[in-house]
Amino acid sequence: MKASCLEHDLKIFNRGADTEIGERGINASGGQKARISLARAIYCEADIYLLDDPLSAVDPDVAEKLYHRCIEGALKDK
């Protein structure tokens, strides 16, 4: 969660990490959806990741954190 900058969001989601996103769940912003997708990608521990502009939906400060924590950090050996 830290690598994908979701700590704050989990605190405000009504069921934390168990909150359903989308249909019958909460509506997430574009940035939240991008960060959730990155968190799911990190969690699955694949050998190869294809990222399609994952930083475009977040503000510059969050993009910098995501780049360092996620891309250079959690995914550095992929």
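A salt bridge is a side-chain nitrogen of Lys or Arg within 4 Å of a carboxyl oxygen of Asp or Glu.

**Entry 1: ground rules**

I am working on a predicted model, where local features need pLDDT of at least 70, side-chain atom pairs count only at pLDDT 80 or more, and totals for chains, interfaces and linings use all residues. Residues are numbered from 1 along each chain as its sequence is written, and side-chain values use heavy atoms, with hydrogens and water left out.

I looked up the confidence score next: pLDDT is the predictor's confidence in each residue, from 0 to 100. The chain averages 88, and 96% of the residues score at least 70. I take helices as DSSP runs of H or I with at least four residues, numbered from the N terminus.

**Entry 2: the two salt bridges**

Which residue does arginine 69 pair with in a salt bridge? I found glutamate 7, with the closest N and O atoms 3.9 Å apart. Arginine 69 sits in helix 3 (residues 60–74) and glutamate 7 in helix 1, so this pair ties together parts 62 residues apart in sequence.

I then checked accessibility (buried is under 20% relative accessible area, exposed is over 50%, partly exposed is in between, with a 1.4 Å probe and protein chains only). Arginine 69 is partly exposed at 30%, and glutamate 7 is partly exposed at 33%.

My other salt bridge joins the side chains of aspartate 9 and arginine 35, at 2.5 Å from N to O. This pair links distant parts of the chain, with aspartate 9 in helix 1 and arginine 35 in helix 2, 26 residues apart. Are these two buried or exposed? I noted both aspartate 9 and arginine 35 as buried.

A reminder to myself: side chains of opposite charge can pair when their charged atoms come close.

**Entry 3: threonine 19**

I went to the loop between helix 1 (7–12) and helix 2 (30–44), where threonine 19 lies. Threonine 19 is buried, with a relative accessible area of 11%. Its side chain reaches the backbone nitrogen of arginine 15 at 2.9 Å. A polar atom of the threonine 19 side chain also lies 2.9 Å from the backbone oxygen of glycine 16.

**Entry 4: the nonpolar core**

A nonpolar core is a set of buried Ala, Val, Leu, Ile, Met, Phe, Trp, Tyr and Cys residues joined through side-chain atoms within 4.5 Å. How many residues make up the largest one? I found 10 residues, including Cys5, Leu38, Tyr49, Leu66 and Cys70. Helix 2 and helix 3 each supply at least two residues of this core, and helix 3 gives the most, with 4.

Leaving aside neighbours within four places in sequence, leucine 38 touches Ser4, Leu51, Pro54, Leu66 and Cys70.

Cysteine 5 is buried at 12% relative accessibility.

Glutamate 45 also has a positive phi, near 50°, and is a residue other than glycine. I found glutamate 45 in the loop between helix 2 and helix 3, where it counts as exposed at 62% relative accessibility.

Note on methods: A polar contact is a pair of N or O atoms within 3.5 Å; within protein, one must be able to donate a hydrogen and the other to accept it, and residues adjacent in sequence count only if both atoms are side-chain atoms. Contact means heavy atoms within 4.5 Å.
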